[in-house]
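Please consult the sequence and the model while reading the points below.

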Amino acid sequence: MSVREPSQSGALSAASCEAEAAAPGRCLALLPWDCFSAWLHCVCVVGFDLELGQAVEVIYPQHSKLTDKEKTSICYLSFPDSNSGCLGDTQFCFRFRQSSGRRLSLHCMLDQLDRDLPVSLKKDPAYYYGYVYFRQVRDKTLKRGYFQKSLVLISKLPYIHLFHTVLRHIAPEYFVKNEPFLEAVCSDVDHWPPPVPGKTLNLPIMGIIMKVRIPTCHDKPGTTHIVQFAHQEDTQISIALPTVHEVDLFRCFCPVFFHIQMLWELVLLGEPVVVMAPSPSESSETVLALVSCISPLKYCSDFRPYFTIHDSEFKEYTTRTQAPPSVILGVTNPFFAKTLQHWPHIVRIGEIKLPGEVPKQVKVKKLKNLKTLDSKPGVYTSYKPYLNRDEEIIKQLQKGVQQKRPAEAQSVILRRYFLELTQSFIIPLERYVASLMPLQKSISPWKSPPHLRQFSQEDFMKTLEKAGPQLTSGLKGDWIGLYRHFLKSPNFNGWFRTRQKEMTQKLEALHLEALCNEDLLFWSQKHTEVETVDLVLKLKNKLFQADREHLPMKPDTMEKLQMHIDAIILALPDDLQDILLKTGTT
């Protein structure tokens, strides 16, 4: 298969980044395959060999790098377990660890784009996603009697709806036309604009144009921006995607309809959860639905939409010598019904389909009753929820089923319910953490920025009596117990670290603004040359740090600070001027 000359460098030049930031819709100044790499790491074709078993037959572009361990993971995760009986075409997704010791070179432009994403959509440098289109059909000409092959898109981006739409459009034709068609697909992707959050993007792919909008961190949570169609002169078909990343929430939660609030608590608290499903489609969609139910909070633990006994973390996650880790696993192999019996929370999913009648209430089952993967659908756990069940959302969704309300509308109702529940929970924490910020009047230009006050669990608990979740939620229950449990979870640690970083950067920005408001030239004239040189070097470093970390400053602060530095240097003797002008930053 022919291939264009691969890029010698995986990174963009600084000039390319600046050009792309100024005109994010153009790829002309970029190196070959840089536009492709902004969306995908590579495309793989996985087939079944009678002697070798599953094997990667094609990787495109050909210069794409995958370690042997990564190829092995892709091989096993790209095929359903044999017991799934997936005849015909099946779509699902998986997530796997990037091999340690191999660092992916991310473009500076893409890092900048990542900053504008909602926290739940930011790339995790340690993981890849695999989006799979698997075909299994009878073929008497083959020794095994079946044609089995998967077309897999490997990406850092968690855009399941977008990539599944791409695969639905290209995979059936690929299975007929093979490699030349795949090369044409990758060429189309290499002409896509970068994934800029907040912009309507036109993505051409084999005769159609997909119109998408990637959310930004500035969007109001719970709102969906409608992608508008512009007037087109050409004859290409356009399809507007309502989302790039969301799954059909109501369809996924239907089998465990009455336990949605308990599942929200388990995900919020980072509890170990196993989803046992009949196929990778059901397991992957359900796991992704669980992870998304605490949005806008980021789920900070590991999650595997489809997990197999061949996974490199199989032993780590199934050992009985230690407590199960904070992870959500989606499995289909009956073997897991035995190996994961010691896990505290197991969600058994039957074949997912939208109900034609009102779902019947199913009690939470005891773990000892889960003996095989054929056990009845339901939630197997001894967990007792902290909050009383919200009967209103159950009635609202049941009424929707009776009235044959569209599944999309049911999902919107469910997503809004989860959002309001999460916001009611997190707002008191946001309010308390904001109070840890030092007063602006305590920031002195001649001292280091003050530190944040320490988070005190007991001080926070005291605020809940007057400013707790009861201000925005009518739900009763043990909110205090829920908070105490949450404060020990990975989700709290991840959330708090992010808030700490944001507030520390804000303090640095306020400190720089305070410096800019001082007469630094006058100060330098009252101090020794050594002290002045030290000040210039510190200011240069602060300027470099502010630019690198994109500190939240007023637009003219950087310019003012540079003018201060230039003025001080010009007032120094010529020999010192030459040295300081040549001196970079660390």
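Is the crossing of α13 and α14 left-handed or right-handed? In this predicted model, the two helices cross in a right-handed manner.

**Packing of α13 and α14**

- Two packed helices are described by the angle between their axes and by the distance between those axes.
- Helix α13 covers residues 407-434 and helix α14 covers residues 457-467; they pack at an angle of about 120 degrees, and their axes lie 10 Å apart.
- The helices α13 and α14 are therefore oblique to each other, because angles of 65 to 115 degrees count as roughly perpendicular and those over 145 as roughly antiparallel.
- On the α13 side, the contact is made by P428, L429, R431 and Y432, while α14 contributes D459, F460, T463, L464 and A467.
- Of the residues in this contact, six are nonpolar, one is polar and two are charged.

**The two sides of α20**

- Helix α20 spans residues 574-582, and its residues L576, Q577 and L580 are buried.
- Viewed down the axis of α20, the buried residues fall within an arc of 105 degrees, so they line one face of the helix.
- The exposed residues D574, D575 and K582 are carried on the face of α20 turned away from the buried side.
- The cover over the buried residues of α20 includes α18 (529-549) and α19 (557-570).

- N493 is located in helix α16, which comprises residues 490-516.
- With a relative accessible area of 37%, N493 is partly exposed.
- N493 and C300 are 193 residues apart along the chain, yet their C-alpha atoms are separated by 8.3 Å.

Conventions:
Residues numbered from 1 in each chain as written. Predicted model: local features only at pLDDT ≥ 70, side-chain atom pairs only at ≥ 80, totals over all residues. Heavy atoms only, no water. Axes fitted to C-alpha atoms, helices over the stretch in contact; angles between N-to-C directions. Helix = DSSP H or I, 4+ residues; strand = E, 2+ residues; numbered from the N terminus. Parallel < 35°, antiparallel > 145°, perpendicular 65-115°, else oblique. Left-handed = near helix turned anticlockwise from the far one by under 90°. Contact = heavy atoms within 4.5 Å. Nonpolar A, V, L, I, M, F, W, Y, C, P; charged D, E, K, R; others polar. Buried < 20%, exposed > 50% of the residue type's maximum accessible area, 1.4 Å probe, protein only. Arc of directions from axis to C-beta.
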